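Here are some notes to go with the model you asked me to look over. Have it open beside you while you read.

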Amino acid sequence: MSFSVPQFIIPDLILLALPFLVIGCRLVIRNSKLPWRLACIGLIAVFVLLNLLPLVGGSGNYFISNWRVDDFGILMREVLTLSALLGLLLAKDYFDHGADGKPQMNQIAEFAGTVAFATFGGYIVVSACDLLTFFLGLEMATIPMYILTAWNKKDQMGSEAATKYILMGSVATAFELFGFSYLYGFAGSIHFDAIQNAAAAGTSPLLWIAVLFLFCGIGFKLTLFPFYTWAPDVYEGAPSPVTALLAVTSKATAIAFLVVLVFGPLAPVQEQIAPLIAILAGVTLFVGNLGALKQSRLRRFMAYSSIAQAGYIMVALLGPAEMSKTAIIYYLFLYTVANYLAFFVFGVIGHRREESFDALRGLSKQNVSLAVALAVAMFSLAGIPPLAGFFGKFHLFFSGASTGHYALVVFAVLNNVLALYYYLQVIKSAWADEPEGELTTLRMTKRQKLCIFLLTVGVIFMGILPHLSDNIFAGFSL
Amino acid sequence: MINDVSISYLIFLMPLLTFVVNGLFLGKRSAKGAAAFAIICNGVAFASALFLAVSYFTSGFAPQKAILFELPFLKFAESFVANIGLLVDPLSIMMLVVVTFIAFMVNIYSVGYMRGDRAEGRFFALLSLFSFSMLGLVAATNLFQMFIFWELVGVSSYLLIGFWYHKPSAVSASKQAFILTRFADSFFLLGIVIVSFVVQSFDFSTLNALTLTAFQSQVIDLGFITVNKASALVLGGVFIFTGGWGKSAMFPMHIWLPNAMEGPTPVSSIIHSATMVVAGVYLVARLFPFFALSGDTMNLIMIVGAFTMVFAAVIACTQKDIKRILAYSTLSQLGYMMFSLGACRMGDVVITTGWTASTYHIFTHAFFKCSLFLIAGSLIHQVHTNDLDAMGGLRKKMPVTYVCALISILAISGIPPFSGFFSKDEIILTAFQGHHYVVFGLALLTSGLTTFYMFRLFFLAFHGAPRSESVKAGHVHEDFFMTLPIAILAVPALASGFAAKGLFEHFFVPGKLNVPQLMLLPEAHWIPIVAVAIAVVALLIAWVLYASPKAKVERALDDINRSGIYKVIYHKFYFDEIYYAVVRQFVIGGIARAARFIQDYIVEGILAFVVWFVHKLGDLVRTAQSGNLTFYLGTLVVGVLLWRFFGQLPF
């Protein structure tokens, strides 16, 4: 019996092998840059291979009947890989020297491996066909995040944040398991198709209890109201690159989880759970925006900003499957790019200073290009055309509006004005405020320069030439 | 029809090129080089726009619409694509010429005005970005393109109003302008979402060819209410208009415009004459057949416009900051344009004269308002203050500026044969023809007020004895780069109305309307005579109060001892003093106080309350973030219960 490996599974296999390779090679070769380089090259290879995979449409390809690779899965993999890669590039500096008033971190090889594991967890979530795999993926994406949060052992804040995170996370996991068990009780099977058929045939309170607990559980990871409370503290306490990973990878995994759930097993009852999604989205984006209004620490500010962004993404879940998935994928791409751009800039500033709004003062005089990059990131996050953020938000809102949720869309659009206010605060700090006292010099490595340049160009070009991403729009089908 | 399409690219490429080159390379190295480059490029853009206009109007093709080029930009579905293109019709061509011309003039002027500023290069880059955004907006073939450039106009105005970002007042003014217009824009965006979802198209040609009857039978669920698609379209139309409402700074969203005076004067000039605020009026004019589908929308447009017109004119009478007077006068003139568009509807039929009149007024207003701001800038540059208190006696020192100011002020006052007369006369006529007699009366009244406050400014600035040290000491002179554009602009301010009169009536029709329409011939020949008579009376009042040999300028400017009718009657010149009493105490004092009350306490009060309330809520969210783990874990449980009851899950 011959056994051939299908093409579409190769990136997954590489990613799975990557952490073992990276950590393993550190065991053999001590104190070299090799593990980190290997991790970056591996992720780039995965990203390139994913881009070479043709989008197939339909229900995708199956591997051993239990591992599904469809178009949404491939594009989500690209988002997750991109995020992991950028996270590693960002993290390198924090291992070379201390930043944000904290000592430097150690063991970059293990760090890279852990990031790769978390990314693979996201892969599992988008490939799952049954509840067990699904749950496994979610846990595998989350547990490395607990570890990463406490990575800086010399920093007490980090340990405190990780403790809070893991305690809260455990409760949320319990909620999810509870929800899964009821879902199983309702359908009599853990397979998505069977659950879908059962839901189409008729509903029962079992199903609704399952839905309630699943949404509350994932609400923790997606920072929905009122489950977001951990986020500002953990974002603040974790090392900066981990905060970026939490804001992007963790959030992308959680939203992928919801997409798989809502358009998979729960598709027949999407209309009934729409009010729940709508109210979660509306309250979350409002609270996120309110929280961001008067922050003085940058990472805390980004935490609230990402809470609000989660609310915006939820709006798209209300739409029809194809439109919704397109909008979410597109938004996640540019959210990744704009978010990392902001974090890279904060990283440069945080080298010798605290990562706070005050540290941004006088940036426009000290380094104009950095100030421009920051402004581009903020304008994009605020959704100002012609930057990418606007088209992303437009898609999200259009998706929500296409099933008639105008009230929510009105609310979300108005909230955008509020968001503009606080994103402008960042720009104001960087451009208008006079620095207090002598400014410490800013030093940028070549890697940082290149990343900031590429990401800035990315934000601008995704905005002025959105048809470059046509493969997302055109090649996309269920 | 137009042989050479390639030249039309230049109109857009040149400002963009200026922005890129000056912003990235030239601006930092050589301010002079940046200025020269900006002037040349904007000149080329203007020449191409003019060439396009001439070949269009002489080709016999006018007034038909054409799309010169179009690129797919964003695909929503196979048949539902947002394009970027250049729409050519009399309206867009007129705007292209006006915008490029004003941009050209303002660039020349800025050489003098910004000389020695530490960021001169950046200024020229941003100015070109501003005109590029406006050109893209004007050329839009669909709502989506218009919105993109609409926001870009907002961003560039934000950057320019806050250009002197070391001044806290400039920073807060730019932020206010951006956020307030953005607030209005969010309705615009919503309107686009609703309308494009119903119609499945962004194109103006499709939208303007709609009829409501086809949509009456279909029903759409708007989430909070289920209506038929026709009503959804009307609602979407009102939302879209709200975007223009904010951008054109109509009451009560007008407060950002006077504050936007914190920007450099050339920026105010270009904002007020050709870019930014005109965008709102342009939007309504562009989608006129679409708005005309609903009589209520038209009435809303008319009421908003007419109220702003009177309100701003009354406030302008009491201001002493020269730029603020001009800002309020812009508001008032925009009110004219807006209500003229709204007044076209008479019962079930539509008269198109209002549309023609409004676009005509955009055209003439651009020249004289640009000129007035540039003149104000010249005065400020020489006297170093915005305050009329410190001006006076500038006639001798700045003769060219004086003559040009006179021309522009006569134009805005609507005195024949200056340009404003023709367009304003048509607007007033529209109100009369549409049987909107209240608005008609208000328009006549405002015309008088306009003359009064403009001549008040004129007399106080140029006539009388000098009240400023620098004028007395003779340091005042005219700067060549600043006076040249003022002199050039005086020509269209004088002649554009007369010259373009036939052109507008011949070519400017709003396109095919899907509602019954009437073409009314001009009637009521007494209207221009009455309008001019009112203007002349207002002029005389201004003269008596501020420039006649017996005028008490100090008294007129005195803010503190303005009460006391008693004292006044015992004064030597009974007649004058009664004028003071009536005009100051009653007209200006009473009405203006009411107007300012609305402004200061109601509009700004509500705004302040909203800001306060939102900040309080923000504080609440932050206080909840105590760092206490027990509380956090509690929220998880509370959350489950919360969504059990509010999640509307069916169990």
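A residue is called buried if 20 or more other C-beta atoms lie within 10 Å of its own, exposed if 12 or fewer do, and partly exposed in between, with C-beta atoms placed from the backbone.

Some housekeeping before the points. This is a predicted model, where local features need pLDDT of at least 70 and side-chain atom pairs count only at pLDDT 80 or more, while totals for chains, interfaces and linings use all residues. Residues are numbered from 1 along each chain as its sequence is written, and chains are lettered from A, with ligands numbered from 1, in the order in which they are written.

1. Start with B:Asn386, which is buried, having 20 other C-beta atoms within 10 Å. B:Asn386 sits in the loop between α16 (353-383) and α17 (399-413) of chain B; helices here are DSSP runs (H or I, at least four residues), as are strands (E, at least two), numbered from the N terminus. Leaving out residues up to four places away in sequence, B:Asn386 touches B:Asp321, B:Ile322, B:Lys323 and B:Ile380, where contact means C-beta atoms, placed from the backbone, within 7 Å. B:Ala376 is 10 residues from B:Asn386 in sequence, and their C-alpha atoms are 8.3 Å apart.

2. That loop between α16 and α17 of chain B also holds B:His384. B:His384 is not a glycine, yet has a positive phi of about 65°. Is B:His384 buried or partly exposed? B:His384 counts as partly exposed, because it has 13 C-beta neighbours inside 10 Å.

3. Chain A has a loop worth checking too, the one between α8 and α9, where A:Thr223 is found. A:Thr223 also has a positive phi, about 50°, without being a glycine, and counts as buried with 30 C-beta neighbours inside 10 Å. A:Pro226 is in the loop between α8 and α9 of chain A, and the peptide bond from A:Phe225 to A:Pro226 is cis, with omega near -5°. For context, most residues other than glycine have a negative phi, and most peptide bonds are trans.

4. Chain B has a cis peptide bond as well, joining B:Pro416 and B:Pro417, with omega about 0°. B:Pro417 lies in the loop between α17 and α18 (419-433) of chain B.

5. Now the overall build of chain A: 19 helices and 2 strands. Its radius of gyration (over C-alpha atoms) is 21 Å, close to the 23 Å from the globule rule (2.2 Å times the number of residues to the power 0.38) for 478 residues, so chain A is as compact as a globular protein of that length. Buried residues make up 62% of chain A.

6. Where do the two chains meet? In all, 59 residues of chain A are in contact with 51 residues of chain B. α17(A) gives the most to chain A's side, with 15 residues. By class, that side has 45 nonpolar, 9 polar and 5 charged residues (Ala, Val, Leu, Ile, Met, Phe, Trp, Tyr, Cys and Pro count as nonpolar, Asp, Glu, Lys and Arg as charged, and the others, Gly among them, as polar).

Methods: Contact = placed C-beta atoms within 7 Å.
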